[in-house]
Amino acid sequence: MSNIQLYSLGSPNGIKISIALEEMGMSYDAHSVDILKGEQFSEDFLKINPNGKIPAIIDTDGPCGQAIPIMESGAILIYLAEKSGKLIPQNPTVRCEVMQWIFFQASAVGPMFGAFGHFHTYGKANCDHPYPEARFETETKRLLTILDERLQDRTYIVADEYSIADIAIFPWVMWLDMFYKASEQLELESFTHVMSWVKRCSARPATIRGFDVYGFNEIGK
């Protein structure tokens, strides 16, 4: 059994951890948590993440050799990067930049893209008013504009070096097209720097392996 036990599923937040683990070359055991069946609310899972959300991990060889459960994808990415010494800059100033973009994803990209996706894809059966989808579409485009400007003269989000900041964000952009089928509505192709960056990130071998863990074996083909 590997030290890292991953409890997740194929979602923007869930998939990023398997991608990071593959990039870092860390061995892990992947366990699927079927959120459609409510497995995230099981007694055993709530011991790992009291919030009942994926992803979560248990590192059986945590600090001082003790097992430690970790919830929240941003916190997991930071923990794994610090443990492996990979995908996180050692320069304090650049490291601070990475942290800022991790929190940008957690506070803005995830909630806003997720809310847009909900009303665009799933919410219409319960809400036929145009306001919610329009509200989150506007905010999604605003955030994409921020990313596009950031990537105008950069290969990756921070200092032209692939990091956990990229892994935190790019799956969310992919989901706008792959699952929400909103590429045309959001005019994704107009965000040329973002889309080029997503292609670079998604073509990485570790990304393809990370997606394949949860059955997305067409990524990168």
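1. Helices α3 and α6 are roughly antiparallel to each other, a label used for angles over 145 degrees, with under 35 counting as roughly parallel, 65 to 115 as roughly perpendicular and the rest as oblique. Helix α3 spans residues 73-84, and its axis comes within 10 Å of that of α6, crossing at roughly 150°. Axes here are lines fitted to C-alpha atoms, for helices over the stretch in contact, and angles run from 0 to 180 degrees between N-to-C directions. Helices (H or I, at least four residues) and strands (E, at least two) are DSSP runs, numbered from the N terminus.

2. A word on the basis of all this: the model is predicted, so local features need pLDDT of at least 70, side-chain atom pairs count only at pLDDT 80 or more, and totals for chains, interfaces and linings use all residues. Residues are numbered from 1 along each chain as its sequence is written, and side-chain values use heavy atoms, with hydrogens and water left out.

3. Leu77, Ile78 and Ala81 of α3 meet Ile164, Ile167 and Ala168 of α6, where contact means heavy atoms within 4.5 Å. The residues of this contact are six nonpolar, no polar and no charged. In this scheme Ala, Val, Leu, Ile, Met, Phe, Trp, Tyr, Cys and Pro are nonpolar, Asp, Glu, Lys and Arg are charged, and the others, Gly among them, are polar.

4. Do look at α4 (residues 92-122) as well: this helix packs on α6 at an angle of about 15°, the axes being 9 Å apart. The two are therefore roughly parallel, and their crossing is left-handed. On the α4 side the contact includes Trp101, Phe104, Phe113 and Phe116, and on the α6 side Ile169, Trp172 and Leu176 are among the residues involved. By class, the α4 contact with α6 has 14 nonpolar, three polar and no charged residues.

5. In α8 (residues 192-202), Val194, Met195, Trp197, Val198, Cys201 and Ser202 are buried, that is, under 20% relative accessible area with a 1.4 Å probe and protein chains only. Viewed down the axis of α8, these buried residues fall within an arc of 160°, so they line one face of the helix; the arc is taken from the directions from the helix axis to the C-beta atoms. They pack against α5 (131-150), α6 (164-178) and α9 (205-212).

Note on methods:
Buried < 20%, exposed > 50% of the residue type's maximum accessible area, 1.4 Å probe, protein only. Left-handed = near helix turned anticlockwise from the far one by under 90°.
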